[in-house]
Amino acid sequence: MPTCKSLALLLLMAGIVTAAVEESVGAYQQAITQWRAEREAKLKAENGWLTVVALTWLKDGENRVGSNPSFEVPLPKSAPERVGTITLKGGKARFRPGPGVPVTFNGKPAVETELKPDTEPKYDVLDIGRVRFFIIKREDKLGVRVKDNDSAARREFTGMRWYPIDPSWRIQGNYIPWDKPHKLTFDTAVGVKEEDQSPGYVTFERNGKEYRLEPTIDEGQLWFVMRDGTSGKTTYAASRFLYADLPKDGLQKKGTVQLDFNKAENPPCVFTDFATCPLPPPQNRLALAVTAGEKMYGDRH
């Protein structure tokens, strides 16, 4: 039989372990809470997704830009009636400002110039008052995305909704690189297709079953576009996004990846009708209800 002294020591050790576990869980919950607050702040910020109010696909030739609703590229009412003209020719978009219009190009007074689309690292942005617009490129189509920092969506934002933080959804996955180049093709919310390279795939276990997701790379992280058993019920029907750090030994070797589904987030399409969100490829549609991360916003499904 254990002595009173040994029993007391065991109880003390158990208490220390329990306190350490509780401290670890508490620190994790605090970190996720902070991450979620930062995500919401970024969404509500100037020029965030809540400010996107229009997307117009350009036609060949001249496209008039301004608040005149009959123009090919209409802007919010706060902008001048005629801001300028975008001419599309040979897959290139050239902007010519109207006389005396206070529009800036990358922070400087605008002059006639060819516009670099958002597929380039430093794309061109035009501002006039609280409104900004720029060129986006999807497949071989060029369009104009418009942002208004005084948008109704930004003014009326009601906050995000999340599942309770659950540490069990922080799962270590196994990363396996592809033997040869592998592409992921995405359908999108606007009917065009997007294609990107995938470095490998990640497997993980939940409740004794193995699942698999295929990522691309976005902003130096693994990026998963996924759908699961909660989609269209408690989470956005089309998809959710999940980011994960790259495996520490690089993308060419097998390794481990931490998938934290408490950070699963809605795509921009939840907050604006003018985003071109990718939809999950078939292999990223999980036969699993991921009851973690961001829930639906408002009445969007």
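Where in the chain does Glu 219 sit? Glu 219 is in the loop between S15 and S16, and point 4 comes back to this residue. Here are my notes on the model.

1. Ground rules. This is a predicted model, so local features need pLDDT of at least 70 and side-chain atom pairs count only at pLDDT 80 or more, while totals for chains, interfaces and linings use all residues. Residues are numbered from 1 along each chain as its sequence is written, and side-chain values use heavy atoms, with hydrogens and water left out.

2. Overall build. The protein has two helices and 18 strands; these are DSSP runs numbered from the N terminus, with helices being H or I of at least four residues and strands being E of at least two. The radius of gyration is 24 Å, well over the 19 Å that the globule rule gives for 301 residues, so the protein is more spread out than a compact globule. (That radius is taken over C-alpha atoms, and the globule rule is 2.2 Å times the number of residues to the power 0.38.) Taken along the principal axes, the C-alpha atoms fill a box of roughly 95 × 45 × 35 Å.

3. Of the 301 residues, 44% count as buried. Buried means under 20% relative accessible area, exposed means over 50%, and partly exposed is in between, with a 1.4 Å probe and protein chains only. The protein exposes about 16,300 Å², and carbon and sulfur atoms supply 52% of that; the areas come from the Shrake-Rupley method with a 1.4 Å probe, and for residues only the protein chains shown count as cover. Among contacts with a separation of 6 or more, 58% are between residues 24 or more positions apart, where contact means heavy atoms within 4.5 Å.

4. Two glutamates with positive phi. Glu 219 is not a glycine, yet its phi is positive at about 50°. Glu 219 is also exposed, with a relative accessible area of 72%. Glu 139, in the loop between S10 and S11, has a phi near 55°, again a positive value in a residue other than glycine. At a relative accessible area of 45%, Glu 139 is partly exposed.

5. The largest pocket. About 1,700 Å³ of space lies in it. A pocket here is an open set of points on a 1 Å grid over the protein atoms alone, where a 1.4 Å probe fits, with protein on both sides within 12 Å along at least five of seven lines; lining residues have an atom within 4 Å of a point. Grid points are joined across faces, edges and corners, and the volume is the space filled by probe spheres set on the points.

6. Who lines the pocket? There are 49 lining residues, and Asp 218, Glu 219, Trp 223, Phe 241 and Tyr 243 lie nearest the centre of the largest pocket. Helix H1 (4–44) gives the most to the lining, with eight residues. Other elements that each supply at least two residues include strand S13 (193–206) and strand S17 (240–244). By type, the lining divides into 22 nonpolar, seven polar and 20 charged residues.

7. The S8–S9 loop. Pro 117 lies in the loop between strand S8 (113–114) and strand S9 (125–128) and is buried, with a relative accessible area of 11%. Leaving aside neighbours within four places in sequence, Pro 117 is in contact with Tyr 123, Ile 135, Ile 136 and Lys 137.

8. Val 101, in the loop between strand S5 (92–97) and strand S6 (104–105), counts as buried at 15% relative accessibility. Not counting residues up to four places away in sequence, Val 101 touches Pro 80, Arg 82, Val 83 and Ile 128. Glu 40 is found in helix H1 and, with that same exclusion of residues up to four places away, touches Phe 157, Gly 159 and Met 160.

Key. Nonpolar A, V, L, I, M, F, W, Y, C, P; charged D, E, K, R; others polar.
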